[in-house]
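Here are some questions and answers to work through with the model open beside you. Shall we take a look together?

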Amino acid sequence: MIVITLILGIDTRMPTKNLREYRTILGKIIMKGTDPASIPFQHLNIDNLMTQVSIQKPYIINPTGKISIACINCEFDGLFLSSDPGDPQTQYPETITIIESWITSETIKPVFGIGLEHQPCLLEGTQRCFITSQNHGIIHDSKPFFSVQFYPEHCAEPRDTENLFQIFLDVIQSYKSTKSINVETYLVEQLTKHCSTDNAPLPAFYKRVKRVLILENNQVIKAINEDNVYTVVLNQSTSIPQTAKDLLNKVYPFSIIPNYVEQILRIHRPDGILLSFDEETALHCGVHLHESGILQKYSCNVLETLIQSIQITTDQCLFTQEMADIGEKVVSYEVVKSLEETLISAERFDHPVLVCATFPEGDRISGYTDNRKELISLVTSILAGLSQSLIDKSQSSIDKSKLLIDKSFKDWRKIEYEVVRKQYNNCIVICNMENIDPLSCCTDHSIVVASNQTLSNDEYNLLRSVSIKFIHHLVNAGLSRLSALASKTTGYPLAYITVKLAFGLNLAELINNITNQTCACFEPSLDYVVIKISKWNLDKYDQCSNKTESSSTTAIRHRYIIEHLYGLTKINRWFLYKFETILKFIFTRTDRLVGARKLFLFQAKHLGFSNQQLANCLDMFEAEVSQACEQCGIRPFMKQIDTVFGE
């Protein structure tokens, strides 16, 4: 029989804060009703835990392998060291003596250690910084010895450094063949071989930037003002905060149209232009200004990203080709030019299909069709609009206008990663998010959860690796519509950092403006969940009740089984079971706080019910619920959250 102990309802924040302040401390878990003195502390440096976690007899893995890597009293080609519980100085002096004899021997064998305590951060001699759980490592000046504090095998961690094992094997092979390589040189070469500053302006250029034009965003003004740069903002919104206005030199309340932007370029002659802080309008405008030669005419550079990246990410055909070049797959699509070609493509993909149209100025129209009749109606309307929009347009505008038929990805899950990259391939994933509802044409009103709740660790790191692979290839194309949510969720000032990167700074050089000590090359790690729910203004709809509830809630109320509900909604089962737990609690416990009142309130608070929500469910006043909670010793309190970025 296997006994598994589960521990619930314990707040881990306070132990975490204590560990950060006092480093290594003794601890124990005491069950309710147990005398704390009856359970002794376990001293790692007194009790020999090594014997409990070590094998009793040596054994061989992969006996046909060409390289032998071992530890105790045997012939080996390389030595691999890993951490164990306790202090090795007091626990395992014999082992330390043996290892010392090996590494001081005249016969040099490569050594690689993981999970060891060291404190350097950057790859010395470069600007390359790796994201790991601790981010530290050292290397010997001349001998083939190197070690890291983290565990590069990427179990529950990023995979950025898993190639360290292959580097170790390469070093062993070189020493076996008597053509030994310099480990430090080889490590730097392998860990930076994808670093690139291609097409990036020279550092001297950033020092010359004195005037900047910003399209549509106010969040970046403070960051630019710190560098004493003259700022011109084109923003059609009249709701610019007064604090932002005080930092601005000039504001034009116009739409982002190439003609308007050209006039501003002619008047103010800015050294650079920031495009990626708006959504697609500014990006398309910037591409038009580049392709028409206007930016070159006024010697204005796109600061924060390559114009080629913007062109690729705003053109599905170019994007698909780029993804194929790096070995990644995208949803199948076909470019069509007539209704007949559309119908043929739809038959090939099978309904439903997604129809996407790109107009000359960058505007887009898309929609799903479930059958041939709907397809004919939608495409006929789009083709008529395209024909009208192409009148008096240039050939380049005509070439950009496309009609695409995509294989349907309706009901797929939407997972989004906010990734930042600068030169030297320093990349960080700020946050990942998922929509509760399945993918559709318009996701503006989707419920978004940060961070992701339904991915396994392998799935999370797989998608993280793909995101970083993508951004290595294309560089940042711009902030997304969820970037603001990612910043608020994690405390990481995305817009601020992106501006600093646009002015030539590196992630490893930027100071964390919360701690004022550590660098900004950190990945926030959340110990909480943030949910974004769009507010629907139902007042503009006639005869629409403000008591409307979701169809999922209604279905659960009518006792639909989860599997049937999943088939209807394609909402992830994990969320559906959570909904069911909360709703069943409401349906079955509306007993007006009689009987086991304390247990009921404790369960309600554990599920996240506020006093107001409980009052609504129980047909009571909020004050009555508050009084009942007070009588049961259930009181509100505040907890400090941990974003890691702020440490």
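Q: Which residue forms a salt bridge with Glu 630?
A: A salt bridge here is a side-chain nitrogen of Lys or Arg within 4 Å of a carboxyl oxygen of Asp or Glu. For Glu 630, the closest N and O atoms of the pair lie 3.1 Å apart. The partner is Arg 635.

Q: How far can we trust the local detail, and what do the numbers refer to?
A: This is a predicted model, in which local features need pLDDT of at least 70 and side-chain atom pairs count only at pLDDT 80 or more, while totals for chains, interfaces and linings use all residues. Residues are numbered from 1 along each chain as its sequence is written, and side-chain values use heavy atoms, with hydrogens and water left out.

Q: Is Arg 635 buried, partly exposed or exposed?
A: Buried means under 20% relative accessible area, exposed over 50%, and partly exposed in between (1.4 Å probe, protein chains only). Glu 630, at 42%, counts as partly exposed. Arg 635 has 48% relative accessibility, so Arg 635 is also partly exposed.

Q: In which helices do Arg 573 and Glu 563 lie?
A: Arg 573 and Glu 563 form a salt bridge, with the closest N and O atoms 2.8 Å apart. The two residues are 10 apart and link distant parts of the chain. Helices (H or I, at least four residues) and strands (E, at least two) are DSSP runs, numbered from the N terminus. Arg 573 belongs to α23 (residues 573–588) and Glu 563 to α22 (residues 562–569).

Q: Why are Glu 580 and Lys 584 separated by about one helical turn?
A: The side chains of Glu 580 and Lys 584 meet in a salt bridge at 3.4 Å, N to O. An α-helix has 3.6 residues a turn, so residues three or four places apart point the same way. Glu 580 and Lys 584 are about one turn apart because they sit four residues apart in helix α23.

Q: How many salt bridges and how many disulfides does the model have?
A: A disulfide is counted when a pair of cysteine sulfur atoms lies within 2.5 Å. By the salt-bridge rule given above, the count is seven. By the disulfide rule, the count is zero.

Q: Why is helix α19 largely enclosed by the rest of the structure?
A: Among the buried residues of α19 (residues 483–490) are Ser 483, Leu 485 and Thr 490. The buried residues of α19 pack (contact means heavy atoms within 4.5 Å) against elements including β14 (415–421), β15 (427–435) and α20 (494–502). The helix is largely enclosed because six of its eight residues are buried.

Q: Which residues of β4 point the other way from Phe 145 and Ser 147?
A: In a regular strand the side chains alternate between the two faces of the sheet. Phe 145 and Ser 147 point one way from strand β4 (residues 145–148), and all four residues are buried. Pointing the other way are Phe 146 and Val 148.

Q: Which strands are at the edges of the open sheet of five strands?
A: Two strands pair if DSSP finds at least two bridges between them. The sheet runs β7-β6-β5-β8-β9, with parallel pairing. Within it, five bridges join β5 (residues 211–215) to β6 (residues 230–234), and Val 212 has Thr 231 as its bridge partner in β6. The edge strands, each pairing on one side only, are β7 (250–252) and β9 (301–302).
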